[in-house]
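Me: I've got a structure open and I'd like to learn how to read its strands and helices. Can you walk me through it?

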Amino acid sequence: MTAAPLNPNVFKSDLKPIWCPGCGDYGVVQAIYRALSAVGRPPHEIAFISGIGCSSRIPGYTTAYGFNSVHGRALPIAQGVKLANPDLLVLVAGGDGDGFSIGGGHVAHAIRRNMDLTYIVMDNQVYGLTKGQLSPTSPRGLKTVTSMYGSLEQPINPLLQVLSFGAGFVAQGTPADMAGLAAIIEEGLRYPGFAFINVQSPCVTYGEEEQQLRAHKTRMKTLASLGHDPKDYLKALEWSTHYGRELYTGVFYKNPEPPPSYDALVRERQKELSKGALPRERILDLFKKG
Amino acid sequence: MASDIVIGMAGSGGDGIVSAGESLISAVASEGFHALMTKSFGPQIRGGESSCRVRVSTEAVHSAGDSLDVAVALNWDDFLKFGSELKCGGNTVVVYEEKTGVAPDKIPLPGVVPAQVLAVPLADLTKKAAGTEKAKNSLVLGLLSSWLGLARASLTKGIERRYAKKGDEVIQGNLKAFEAGFTYAQEHPLQRPLAMAAPKGTPTAKLITDGNDITAAAAIFAGCQFFGGYPITPSSEVMQLLSRELWKYGGAVIQAEDEIAGIGTALGASFAGKKSMTATSGPGMSLKTEILGLASIAELPLVIVNVQRGGPSTGLPTKPEQSDLFQACFSAHGDVLRPVLAPTSVADSFTTTVEAFNIAERYQTPVIILSDQEIAQRKETLDPIDTSTLKIEDRKRPTEAQLEKYVRFAASDDFVSPISHPGMKGGAYLGAGIEHNESGAPSASGAVHARMNEKRFKKLEPLKRQTGLVSVEGDPAAELALISWGSVAGVCREVLAHAKGEGLKLKVLVPTLLYPVPEQVYREFLGSVRAGLVVEQSHQGQLYRLLRMFIDLPKGVQSFARSGANPIQPAEVLAKLKELSFGLQSRVEDERRGDIE
């Protein structure tokens, strides 16, 4: 991927976002335009897959091929796209509910396969599209319309989860730091394997005060400033345990020796096995006896 | 001499009954006979009871046949567990293990006087010949080969091949057991000989396969490039064959983490421009339903195979039933129309699968293939299929001019819009499960929704008029009719073959296209019909009820339906038809008197 950068506006579509004014997702889509422009692949070579939720509208706001699918199923669909055409740059995006609740079962397997995908979760700790219910990353005690007396549940820690599943690239960012977020996404896009980026993208309508961009600016600490080495897996695990209490941004882990990605192995296998293929029109010879 | 024989065998898992059946079908196929083999198991993974039926005929066969001509029980407990699948009658020669201690006049088949009952010391003879009881199945093959005058050389060659990896000692043991069985049968000839006549016509080298394997092969032939699925009985063999073969054609197979991901990956591949498929059975189909709807609204081609088993829920995972028809047609939220096709045999699974891909591509729609456990897992001999006559279609892609200003869901005369895919310059669009306008932009407008619904329904109208998707056989002027589908259609085709001899004027309609219902074809067929049966294997009679939604069935057309795992046999359909025919005759006088409108 040594293409020349493109103008970020090349990736901006004509559709007007449905997001509330001040939503963090505006910043995420801007960061994506910047990252894509730096990577330099033209929009038609990009497939951008999402599920359902406020943030899952995001593919439509780009000029890439988008697929705004069904709730929780962006990862399986994206893997089908990537396997069908490994030459594509494939992005996946969605919210914390899409990725860690209804679609939670797919995350471990997408990571297990290590396809060259970049998965961006816009984590706002609440269900915005359905108007303010509890989400899998909502903090314990959070009062919402479905947890009137405070949540009794411990939140999921997306960073710790994906690290333990074995993801080769794990990072966190916030639109409060646009340059940092764009850089993380670009690095994720360039990583040759499964890349996970958790974006603390506040919900202005249903989110808590300390989750807003203003608060992020004072709360956030870059892992680089703390002296973290992204090659250090165990240390990455440790930093990730602070999820929900501290806002650490930057790359938690980047495998210094990425294993071959699944789609690369698939190409090798196809090439190797195609030598022994019967012509399609003689496929029934498989069932000749003797 | 016999021209059509059904052999049924049952034993415990380790007895090698199914492998004996497989040896038999391979051997007779190589001699030019037509044959069909069904297997049935208990729910256990290993051991437990297992059985098979092998039908050998000098002419083509369409079903597993009627009551057994030869029944082989290695022990009675296991045999009786297949009561409805291994029915014995007055024509049956019953052979059983003498060691069971049951006296020939005390065998546990109530209400039946078999043609002959033979208690054979199967285990003892095997031990004496081979030194081990393990080769019992080869001894049984020896008995059958001798009594039926079948395939001695092919069977011994088959034994040598089958045990090649196990070494000379095992091969010799099995050959000795085979010979011991053969000799025993010569010393104990049947009272009514069952020796098979020679196969009709010039014997051709036959293929042997089952519905699942041939479905997978058909997908490759049709140009499938991607399969995503999850293991489930009785459809897993579709994925297994593709995971061995599809890579060779530049394709990919993914064993997904669940049924939803199976169809999700397949739909993603279709979005990326490749022909793609998933396969499952009832419970998996229930899980895939949401993404089926997505495929419909996003107008993406996709082939979904549902190998039906008994349901609901886990139901009867290893037995056939035709009870997922309503699900195939109607399981969806919102207004959805998706084509449903059903193969009627192993050979027919090939052409039906190719057609499913064609329809999916032509109309940019998911297409469901409703197979069932019997077709999927029964082995059939088939003559080579001339694939040069089969057309393969690809989706309508945009022209360069259309890509200048591409509109994904553009209005067109046939309501099918050219479809681009990622990588195609100028073709980028937003695919979506949310309602959208012609350009793909999300919309909550009632007018847009109505217009797009109309597009998605109207594009499928021509399918109902496509020829070759309904087969009509028999006397066009017949007043008696059978309508049937899937594996049970073969039973009705055999009834038709016998109808003339029984003095019945009959015709049979078998739809490959179950849904949308090709109403006009049924109306023309039913014009002359005054009485008939819709024959199927479900408690509710789902095809009968589906037809009543769309067509005014004549009063005399009834449902002949029963739950799965209770095979419908040609003789009982024939008997019911005779009853209907007598009813029609008595109506003639009543009508004349004006007693009936």
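Me: In what order do the 9 strands of the open sheet come?

Reply: Some ground rules before that. This is a predicted model, where local features need pLDDT of at least 70 and side-chain atom pairs count only at pLDDT 80 or more, while totals for chains, interfaces and linings use all residues. Residues are numbered from 1 along each chain as its sequence is written, and chains are lettered from A and ligands numbered from 1 in the order in which they are written. Helices (H or I, at least four residues) and strands (E, at least two) are DSSP runs, numbered from the N terminus. Two strands pair if DSSP finds at least two bridges between them. Here the order is β9(A)-β10(A)-β7(A)-β8(A)-β4(A)-β3(A)-β1(A)-β2(A)-β15(B), with mixed pairing. The edge strands, each pairing on one side only, are β9 (220-222) of chain A and β15 (430-432) of chain B.

Me: Which strand of chain A does β15(B) join?

Reply: That's β2 (residues 65-68) of chain A: 3 bridges link the two, and they run parallel. Look at N68(A), whose bridge partner in β15(B) is A432(B).

Me: Which faces of β8 in chain B are covered?

Reply: In a regular strand the side chains alternate between the two faces of the sheet. For burial, count the other C-beta atoms within 10 Å of a residue's own, placed from the backbone: 20 or more is buried, 12 or fewer exposed, and in between partly exposed. In β8(B) (residues 226-229), both faces are covered: F226(B) and G228(B) on one side, and F227(B) and G229(B) on the other, are all buried.

Me: Which strands does β8(B) pair with?

Reply: One is β9(B) (residues 252-255), in the parallel sense over 4 bridges, with A252(B) as the bridge partner of F226(B). The other is β10(B) (residues 276-280), also parallel, over 2 bridges; there F227(B) has M277(B) as its bridge partner.

Me: And how do I check a helix, say α1 of chain B: what should its span be?

Reply: The expected span is 1.5 Å times one less than the number of residues. For the 14 residues of α1(B) (residues 17-30) that gives 20 Å, and the end C-alpha atoms are 20 Å apart, which agrees.

Me: Why call α1(B) largely enclosed by the rest of the structure?

Reply: Because 12 of its 14 residues are buried, among them I17(B), L24(B) and S30(B). After the helix comes G32(B), with a positive phi near 95°.
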